[in-house]
Amino acid sequence: MTKTLDIPFVITQEEVSLYIQNIPPAPSVLRQTLEYLRDGDLPKAAKCAEEDPALKLYLKTLINRPIYGFRNEVSDLNQIFSILGISTTQQILYSYLLSLLLPKQWSLFTLTDQNFYDLQASLGRKWEKILKHLGLHNRDTESAITLLPASIIVCDALFGAHAKEVAQLRSVKALDYNTILIRLSKRSLFDLCSEIALKWEMSPSIAKIVHAASGTDSQISGNLKLLAQWMHLLLFYELSQSAYVSAGLNEFIDFQIDFVQDIYESFMQVVDDETSR
């Protein structure tokens, strides 16, 4: 039986549901751009994206970050979409959609928006490499990685107003934020990410992959389990980097060591190859 937490604040199921309800739908230009991508029409997708100045700026800013390795600035959307291809473009468009949820000011984690964009870019690049290594690369599997950082945004939004109380609780009980949320609201951060995916009309397979990446789903097997293992380990690998440890992200969900133990050596080989490039 789950023990009741003796804590000085309460996050109710109703509060969590209200947060999800208040998440805006995908903007119409973005939805149309994604439709063109699903049809495989990159030129029309790029032309449609041009209609949204904020989206255009986001794409230019992200693609010119050091992790993508371009020596000269890339600014033309046709060129950007052609360089990235359909799968990666779809992933980045979902990353943009996620950026619309960014708080005006981080209140629980000591993050900046640039820290967050760097995390998105790094997760995306490494995940693409992993999928190609596994032979499981397609539009939906690649796009699934975009939802992982949503758990950080949701966590900050729900716990930010109670930062001092959470810190006090965690100093006594050493509980991660995800465990606290489950005990209070009966829903995990991964449950909420899956709900966000469905609200944004993402493929159901994306929601399944992200939910399985919690490492606690017992009824998974085959490729779904394999993807979940690699995604789970990738998340903790990224959050172990010094910038994110300093931001307080390294312990916001529980690391399921047994879940990933059999892939650890292969994972490190793939990631080491990626980071050495």
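**Notes on the predicted model: helices, rings and cysteines**

1. Let's start with Ala121, which sits in helix α6 (residues 113–134); helices here are DSSP runs of H or I with at least four residues, strands are E runs of at least two, and both are numbered from the N terminus. Ala121 is buried, its relative accessible area being 2% (buried is under 20%, exposed over 50%, partly exposed in between, with a 1.4 Å probe and protein chains only). Setting aside neighbours within four places in sequence, Ala121 is in contact with Leu62, Ile67 and Tyr68, where contact means heavy atoms within 4.5 Å. Tyr68 is 53 residues from Ala121 along the chain, with 8.2 Å between their C-alpha atoms.

2. A quick word on the ground rules. This is a predicted model, with local features needing pLDDT of at least 70 and side-chain atom pairs counting only at pLDDT 80 or more, while totals for chains, interfaces and linings use all residues. Residues are numbered from 1 along each chain as its sequence is written, and side-chain values use heavy atoms, leaving out hydrogens and water.

3. On to helix packing. Helix α2 (residues 28–38) packs with helix α5 (residues 77–99) at an angle of about 145°, and their axes are 11 Å apart. Those axes are lines fitted to C-alpha atoms, for helices over the stretch in contact, with angles from 0 to 180 degrees between N-to-C directions. The α2 and α5 crossing is left-handed, that is, the near helix is turned anticlockwise from the far one by less than a right angle (clockwise would be right-handed).

4. Who does the touching in that α2 and α5 pair? From α2 come Leu30, Thr33, Leu34, Leu37 and Arg38, and from α5 come Phe81, Ile86, Thr89, Gln90, Leu93, Tyr94, Tyr96 and Leu97. The residues of this contact split into nine nonpolar, three polar and one charged; Ala, Val, Leu, Ile, Met, Phe, Trp, Tyr, Cys and Pro count as nonpolar, Asp, Glu, Lys and Arg as charged, and the others, Gly among them, as polar.

5. The structure has nine aromatic pairs. Rings of Phe, Tyr and Trp (its six-membered ring) pair if their centres lie within 6.5 Å, and planes under 30 degrees apart are stacked, over 60 edge-to-face, and the rest tilted. Take Trp230 and Phe267: ring centres 5.8 Å apart and planes at 55°, so the pair is tilted. Trp230 is in helix α13 (residues 222–239) and Phe267 in helix α16 (residues 264–275), so this pair links distant parts of the chain, 37 residues apart. Trp230 and Phe267 are both buried. Elsewhere, Phe109, Phe159, Tyr177 and Phe252 form one aromatic cluster.

6. How many disulfides? The count is zero, with a disulfide taken as a pair of cysteine sulfur atoms within 2.5 Å. The sulfur of Cys155 has its closest cysteine sulfur in Cys193, 10 Å away, which is too far for a bond. Cys155 is buried at 0% relative accessibility, and Cys193 is likewise buried, with a relative accessible area of 0%.

7. Two last spots to look at. Val166, in helix α9 (residues 163–173), is buried at 1% relative accessibility. Its C-alpha is 33 Å from that of Leu224, which is 58 residues away in sequence. Gln261, in the loop between α15 (257–260) and α16, counts as exposed at 57% relative accessibility. Gln261 and Ser107 are 154 residues apart in sequence and 34 Å apart in space, C-alpha to C-alpha.
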